[in-house]
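These are my notebook entries on one chain. I set down what I looked up, in the order in which I looked.

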Amino acid sequence: MFTHGSAKTPVREAVLHCAAIKTGQFKGMRAFQVFATINQWHIKRGFKHGFGYHGLFMPDGDFAWGRPYSMVGAHTLGRNTGTLGFLMIESREITHIGEFSDWFTEDQREAVKYCLSKIPGLQKVSGHNDHAARLCPGFKVKSSDWL
Ligand SMILES: [Zn+2]
């Protein structure tokens, strides 16, 4: 199991996110290019360590690593210690809480599930909207759909 910080808080939960982008904003880009773009956004927002997520998934399932799992992320205010944050790039602008398939692809679902299956000790998968009044990631996340 991974832990966070000197208190060795166990990492047992993953939090899913979307990018809050316009339709087509990252179209045709590979995951590493989107990583580079969002890394710049996060540096400009003052995140000391840049890119705040632990991984990024494109609509075609292409993946890029973010922060190491042993490093606290910057993705869910007040809940970063003990969680991992994963960013899914939506295929079109998210306007309401809908279904996964309204915004994301089955290739993405498979890539995320594969990634989550490799994290030892993971017990729960939630959405950003479980922790804050947000649309992110655009649907209600059920742990049992992901683990
Ligand atoms: Zn989010």
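**Entry 1. The strand β6**

How many residues of β6 are buried? I worked on a predicted model, in which local features need pLDDT of at least 70 and side-chain atom pairs count only at pLDDT 80 or more, whereas totals for chains, interfaces and linings use all residues. I numbered residues from 1 along each chain as its sequence is written. Six of the six residues of β6 turned out to be buried, so this strand is largely enclosed by the rest of the structure. I called a residue buried if 20 or more other C-beta atoms lie within 10 Å of its own, exposed if 12 or fewer, and partly exposed in between, with C-beta atoms placed from the backbone. I took helices (H or I, at least four residues) and strands (E, at least two) as DSSP runs, numbered from the N terminus.

I then looked at the side-chain directions. Thr83, Gly85 and Leu87 point one way from β6, Leu84, Phe86 and Met88 point the other way, and all are buried.

For Phe86 I listed the contacts, leaving out residues up to four places away in sequence: Ala14, Leu16, His17, Tyr53, His54, Gly55, Phe57 and Val112. A contact here requires C-beta atoms, placed from the backbone, within 7 Å.

**Entry 2. The sheet**

I looked up the strand order next. Five strands form an open, mixed sheet in the order β5-β4-β6-β3-β7. I counted two strands as paired if DSSP finds at least two bridges between them. The edge strands, each pairing on one side only, are β5 (63-65) and β7 (124-127). On average, neighbouring strands of the sheet are turned by 25 degrees against each other, direction ignored. For angles I used axes fitted as lines to C-alpha atoms, for helices over the stretch in contact, and values run from 0 to 180 degrees between N-to-C directions.

- β3 and β6 run parallel and are joined by six bridges; His17 has Leu87 as its bridge partner in β6.
- β4 and β6 also run parallel, with three bridges; Phe57 has Met88 as its bridge partner in β6.
- β3 (residues 13-18) pairs with β7 in the parallel sense over four bridges; Val15 has Ser126 as its bridge partner in β7.

**Entry 3. Helices on the sheet, and the core**

Helix α1 (residues 31-44) packs on the sheet and touches β4 (55-57) and β5; its direction makes about 45 degrees with that of β5. Helix α3 (residues 106-117) lies across β3, β4, β5, β6 (83-88) and β7, and runs at about 155 degrees to β4.

Which residues touch the most other members of the largest nonpolar core? I found Leu56, Phe57, Phe86, Met88 and Ile89, out of 30 residues in that core. β3, α1, β4, β6, α2 (100-103) and α3 are the elements that give two or more residues to this core. I defined such a core as a set of buried Ala, Val, Leu, Ile, Met, Phe, Trp, Tyr and Cys residues joined through C-beta atoms within 7 Å.

**Entry 4. The chain as a whole**

I recorded four helices and seven strands, which follow one another from the N terminus as β-β-β-α-β-β-β-α-α-β-α. The radius of gyration, taken over C-alpha atoms, is 14 Å, close to the 15 Å that the globule rule gives for 147 residues, so the chain is as compact as a globular protein of that length. That rule is 2.2 Å times the number of residues to the power 0.38. The C-alpha trace spans about 40 × 35 × 30 Å along its principal axes. Buried residues make up 32% of the 147 residues. Of the contacts between residues at least 6 apart in sequence, 65% join residues at least 24 apart.

**Entry 5. Trp146**

Trp146 sits in helix α4 (residues 143-146) and counts as partly exposed, with 17 C-beta neighbours inside 10 Å. Beyond its neighbours within four places in sequence, Trp146 is in contact with Lys113, Leu116 and Val125.

**Entry 6. Backbone exceptions**

Most residues other than glycine have a negative phi, and most peptide bonds are trans.

- Lys8, between β1 (3-4) and β2 (9-10), has a positive phi near 50 degrees and is exposed, with 10 other C-beta atoms within 10 Å.
- Ala20, between β3 and α1, has a positive phi of about 50 degrees and is partly exposed, with 14 other C-beta atoms within 10 Å.

Methods:
Contact = placed C-beta atoms within 7 Å.
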